[in-house]
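Grab a pencil and work through these exercises with the sequence and the 3D view open. Each task comes with a solution that goes step by step.

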Amino acid sequence: EEDFIDPDEKFDLKKYEVSSKDGYSNLREKPTKDSKIVLKMDNGTVVKYITKYGDWYYIIYDYPASTGYIHKSQVEIIK
């Protein structure tokens, strides 16, 4: 018997908070420090982790709706 998955059920992504010594972090188009900046996010901004690419996290930010890469040193998990 297969498990039924409700397509309307929200997938629970891990939440992280931007935490940088500079007071902000850049959301980038690609997982490199030389990549185009999609968005600057202040410390305390909550983002949702999708997957990892080396030392970079591919995340989603709800408003304005954006996806991109942030270095793992720039965020901490919300417990």
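**Exercise 1. Find the cluster that ring pairs build, then sort the aromatic pairs.**

Step 1. Ring pairs join Tyr16, Tyr49 and Tyr57 into a cluster. Before going on, keep in mind that this is a predicted model, where local features need pLDDT of at least 70, side-chain atom pairs count only at pLDDT 80 or more, and totals for chains, interfaces and linings use all residues. Residues are numbered from 1 along each chain as its sequence is written, and side-chain values use heavy atoms, with hydrogens and water left out.

Step 2. Here's the rule: rings of Phe, Tyr and Trp (its six-membered ring) pair if their centres lie within 6.5 Å; planes under 30 degrees apart are stacked, over 60 edge-to-face, and the rest tilted. Applying this rule gives 5 aromatic pairs.

Step 3. Take Tyr49 and Tyr57: the ring centres are 5.0 Å apart and the planes sit at 90°, so this pair is edge-to-face. Both Tyr49 and Tyr57 are buried (buried means under 20% relative accessible area, exposed over 50%, partly exposed in between, with a 1.4 Å probe and protein chains only).

Step 4. Now try Tyr53 and Tyr69: with centres 6.3 Å apart and planes at 70°, the pair is edge-to-face, so you label it that way. This pair links distant parts of the chain, since Tyr53 is in strand β4 (residues 46-53) and Tyr69 in strand β6 (residues 66-71), 16 residues apart. Tyr53 has 52% relative accessibility, so it counts as exposed, while Tyr69, at 17%, counts as buried.

**Exercise 2. How many helices and strands are in the chain?**

Step 1. Count them up and you get 0 helices and 7 strands. Read from the N terminus, the order is β-β-β-β-β-β-β.

Step 2. For the chain as a whole, 30% of the 79 residues count as buried.

**Exercise 3. Is Ser25 buried or exposed, and what is Ser25 in contact with?**

Step 1. Locate Ser25 in strand β2 (residues 24-28).

Step 2. The relative accessible area of Ser25 is 5%, so Ser25 is buried.

Step 3. Contact means heavy atoms within 4.5 Å. Skip neighbours within four places in sequence, and Ser25 is in contact with Val18, Leu39, Lys40, Met41, Ile70 and Gln74.

**Exercise 4. Which residues does Lys72 touch, leaving aside neighbours within four places in sequence?**

Step 1. Lys72 lies in the loop between β6 and β7 (75-77).

Step 2. With a relative accessible area of 34%, Lys72 is partly exposed.

Step 3. Beyond those sequence neighbours, the contacts of Lys72 are Asp55, Trp56 and Tyr57.

Step 4. Now look at Val18: Lys72 and Val18 are 54 residues apart along the chain, and their C-alpha atoms are separated by 9.7 Å.

Notes: Helices (H or I, at least four residues) and strands (E, at least two) are DSSP runs, numbered from the N terminus.
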